[in-house]
Amino acid sequence: MPTTDQPNTPGENNIPETGPAPKGNSGAHPKADPVAPIAVGKPDDAASLAIDQKHMEAYTNADTEPGVVECRRPPKGQFFTVLPEEEGNWRNRAYYFILETEGRDPHLVAHAIAEAKKDDEDTIRPIMLVRYVLMNGTEGLWPVKLNPPDGKANRWNTSAMTALRTAESGKWVRLISKGEYRYSVSKKTLEETPPRFSERRFAELVNDAFPPDRVIKSLDHPIWDELANGSTK
Amino acid sequence: MITCQRVVFIDSEFDAKKGRGERPGFPHCICALEVFPDGREIEHRLAAPYPERPPWDRGDPYATVGFALGAEMGSMMHAGWPLPAPAIDLYAEYMVLHNSEMCRGDEGKKPGPSLIQACRRYGVATMDAAHKEEMRALAYTKTGHTPEEISTLQDYCLDDDCRATLGLFRAMRPRLDLLRAPIRGAFMMQLERMRWRGLPIDVPLYRRAERHALAIAVKMRKELNRKLGAEIYYSGVFKRAAMFELMRRRGIPIPIDPKTGKWSCSTRLLKPMIETYPEMKIFYEDKRMLDAFTRLGIEIGTDGRHRIWLNPFGTKTGRNNPSTKALWGLPHTMRSFMRVTTPDMAIAQIDFSSEHIGIAAALSGDPTLMADYHSGDPYRQFAAAALGIVNPTALQRQVYKACVLGRIFGMGADTLARNLGISRSQAQRILDQMSARYPVLNAWLERVLVKAAHFVPITCTLGWSLTASGKPGEQRTFLNFPMQGNEAEILRLVFARAGDLPIIGCAHDSFILEDRADRIEQTIQDMQNVMRAATRDLLGGFELRADCKPDEDITYYPDRFVDKREREDRMQHWNWLLQLIEEAEHEDGRDTSERSGDYGRAGEDPEAAIRADARAGIEAGSETAQAEVGVQGRVCPVSDDVAPAAAGSKG
C-alpha cells in the first residue's frame, strides 16, 4: 500500500508536473543550458572510446639529446641519411675551415684566421659539415672533405660526395671503406623507417660539436702556440 | 552513442547499515526528477510497494544520473528493478576530474566527496549539513515509518538530493566526458551488486579466531621472535632497532624509504626481498598476519557473508582502495576464511595473467615483449634470451622477473641489487639487458616520464588521469601509472559488461564468482570472454590471458578457498593459524577435542540447511530471508576444520 500521497503506478497520467522553476533550495539555473537531451556512450563501444595511448608521442620526444655531437663521418656498419637541400638556401649543411691534427680533436677556424694562416698551416682545410642521422636516431656532423680547386681530385673525397648525394636523394646509406668510399643502400625506405632528425637547429649541433675552446677566432688562441712549440699535454 | 531525450535524477532513502557487512536496508522511498528538453520536469515520489518497473521507464532511451549510484542500485535491487543504462554517476566523474587535485596533499589521496562537498566545490547551493544529518537519522534509526515520516523523507530526497544532483550536473556538465561516463556509472552499480551478493565466510571459525585474536597475536609475536632468533617484539611492541640490528648481523641490506630517506623495515619495502632472504620472508608473512590479527574485524552480515565498501577510485591510479577490514586486504592466508557454505554451489577465481606486463607490452607496442607475453611466460623468455640458454632455472627466472617488474615500477640498479642480493654492477647489467631486449618499451617509459615532467596529464584509456604535482619521488608513480591506471580501467569495463555474471569479489587483477556447481564452468567461460574482450578493446586488439585452472581455482562445497600462494606453501600458515586458535581456546578452557584435520577441505557442514536457505535469500534479495537465516550470534559448537597441532603442514 502506498505510504505517500503520490501514486506509485507507472505512467504520466497520475504524475504531477511542475514548471521549469525548481523547488527546494538548489539547482536553480533558469538560464542554464538545457539538461536534456544528452548523447552518451555505451560500454559496448569501449573499443572506439579508448583513448589512444600513443598520444604521448605528440607531447614528448623520448630520445634524449646527446650532450656531445660527434663531428666525424658516419660510423661504418650503420645506415645513415641526410636531408636534401635547396641550392643556395642550405639549412643543414655549411662550409667551414677545420684544423685537424694528430691526437687532437678538430677545431673550427674562423674564415679570417684561416686566410691569415693558410700559408703557414697545412692542417687547415675547407670542409662541408653535413648533418646526418643514423637509423637509431643518433645525429652527427659529417665533415666532408672537398677536392682542392686545382683540379686534383681525391678518390676518397669524390666517393664521399657520391655517397652523400645518394643519401640526400632519400635513401638509407652505409659507408664501406675499400680504397675509396663505397656504399650500400638499405632496402628499407624512408617511408618504412622514417629518419628521426631532432628539432634542434643545425647551428645548435655545430655549437655542441665545437664548444668555445675548439673554435679558433683569433691568432692568440693557445693552439697556435702548441703547434709552433709543442705541448706536454 | 545513445541520444537520451530525458534525464532522470534519482535518489533514495534507506538505512545503509554501514560497517555491519549487511546489505543496504529496504528503501523508505525512491524519488526522481525527470527533465525534458523543453525544461519541463516530472517529480516522482515513490514508496513501498514499488511498481514493477520505474515509472520513468517508458521504453525510449533516457539517462539516469545520480551521486554515488551504488546506493541507488541497492534500492533498485530491493525494488526488483533492472540496472538502468545508460547511467552517469557524478561521484565517479568527480573522482575522474579531480584526481590530481585530490592527490596533492602530503597525506595521501583525500577521500571522495559527499554530495554536499561536491556541490560546494562547484558553487552549487545545497541543503545544510544539519538538515541532511537529521534526515539521515530518520532514515537510519528506525523501521516502520509513518506515512508522514515517509513523506518527509520524500521531500528531502526529491527537493534536496535530486535537485542538488541536478544542480551539480549542470555545473559539471561542461567538463563531463559523456562518452565514457556510462562505463563508470555501470561499474559503480555493478560494484554494489557484487557487494550485495557478498563473500561467503566460515563464520564459526572466523568468530573463534576473532574471539582469541589478542591471545593469538601474543603467540605470534613470541613465535616470530623465536624464528628470527631476536627480540624484535619486546613487551608486545615492535622494535625497529632490533630488526635493523638483525638485518645487519645477517648481512641483509636495509631498505631506505624513498619518501623519508631513512632506513625502513616496512613490509611494503621488504616484500621484493622475500624471495632472496628467507628471514625476510618469515618476517614479512608473519608480521602481516600479526598486524592483521591486531585489528581483525572483517564485516560479516547476519547471512554469513562479508560485504565491504571497496572505495572505487580511491587511489591515485584509480584502483579500488578498500579498508584493511576487507577480506581481500588481509594476508593471503586469511582468505581461507572464505568457504563455500551453500550445498551445490562453487566459487571460482579468474585472474589476468601477468597483467602489468601485458599492459606494458600492448601500450608500448614493444614487439618482443608482446611476443614474450604471448609465449605464456615472459620472464622465462627474457631469462632464456639474456642468459643464452633454453631452460632457465626457477631462480634465474625469478631474477629476471624481478628485473622486468622492477623496471616498470621505476626500480634502479641499487634497489634491484638489494632485492636480489647481487652486486650493483650485476644488477645494472641485467637492467641493460632488459633495455636491449625491449627498446621500444624502454623508449615508451621514458616518454611517459618526459610527458609527466612537463606537467601534462598522463591519461589512461578511459580517461582516468594524473598530473604531476612537483613532489619529489613522483617519477616512480608515473612509471607505473599507465600499468596500474589502465589495469583499473580494464577492471571497470569488465564490471560494466558483466551483466548478470555472479561476481562476488575482486582484487585489482582478479575476480571471484559464485554459481551453482553444475554451471560454474560455463560461468567461468562467460566471464573469461568478458575479460578478454575488455582487454582487446582497451589495448588496441591485444588480448590478455584470463586464467582459471579448474583443479586449483574452483572451490566446491564444502571446501574453503585457498590462495595460490598458500597452496604453494602447502598451507603452512593456515595450519599454523588453526593451531594457534586451538591453543588459545585450550588455554581459555574450551574443549577442542572435536576438531579434525584441515587442509583446505571441510567435512560435513552442520549448518548446511540454514545456509541453503541463506542462498535462497541471496538470490531472491529478500530481507526477510536474511533475518530468518541469520547466523551471527548463533553458537556453532562444532567447527570441523581445525588441524591438530601436530599436523604441521600438508605434504
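Two residues are in contact here when they have heavy atoms within 4.5 Å. This report describes parts of chain B in a predicted model.

**Gln349(B) and its surroundings**

Gln349(B) belongs to strand β11, which covers residues 345-352 of chain B. Setting aside residues up to four places away in sequence, Gln349(B) touches Trp328(B), Ser510(B), Phe511(B), Ile512(B), Asp547(B), Cys548(B), Asp553(B) and Phe561(B). Is Gln349(B) buried or exposed? Gln349(B) is counted as buried because its relative accessibility is 13%, and buried means under 20%.

**The strands around β15(B)**

Which residue of β15(B) stands opposite Gln349(B)? The residue is Ile512(B), which is also among the contacts of Gln349(B). The two strands concerned, β11(B) and β15(B), run antiparallel and are joined by seven bridges.

Strand β15 of chain B spans residues 510-516. This strand is mostly covered, with six of its seven residues buried.

β15(B) also pairs with strand β14 of chain B, residues 503-506. That pairing is antiparallel and has three bridges. Within it, Gly505(B) has Ile512(B) as its bridge partner. Three residues lie between β14(B) and β15(B), and the two strands form a hairpin.

**Backbone features in loops**

| Feature | Residues | Angle |
|---|---|---|
| cis peptide bond | Ala48(B) and Pro49(B) | omega about -5° |
| cis peptide bond | Ala85(B) and Pro86(B) | omega about 0° |
| positive phi | Lys17(B) | phi about 50° |
| positive phi | Ser235(B) | phi about 50° |

Pro49(B) is placed in the loop that lies between β4 (41-46) and β5 (62-66) of chain B. For Pro86(B), the loop is the one between α1 (69-79) and β6 (87-89) of chain B.

Lys17(B) is not a glycine, although its phi is positive. Its place is the loop between β2 (6-13) and β3 (29-35) of chain B. With a relative accessible area of 18%, Lys17(B) is buried, since the cut-off for that term is under 20%.

Ser235(B) is likewise not a glycine, and it sits in the loop between β8 (233-234) and β9 (237-238) of chain B. Its relative accessible area is 67%, so Ser235(B) is exposed; that term applies over 50%.

Note on methods. Residues numbered from 1 in each chain as written. Chains lettered and ligands numbered in written order. Predicted model: local features only at pLDDT ≥ 70, side-chain atom pairs only at ≥ 80, totals over all residues. Heavy atoms only, no water. Helix = DSSP H or I, 4+ residues; strand = E, 2+ residues; numbered from the N terminus. Buried < 20%, exposed > 50% of the residue type's maximum accessible area, 1.4 Å probe, protein only. Pairing = 2+ DSSP bridges.
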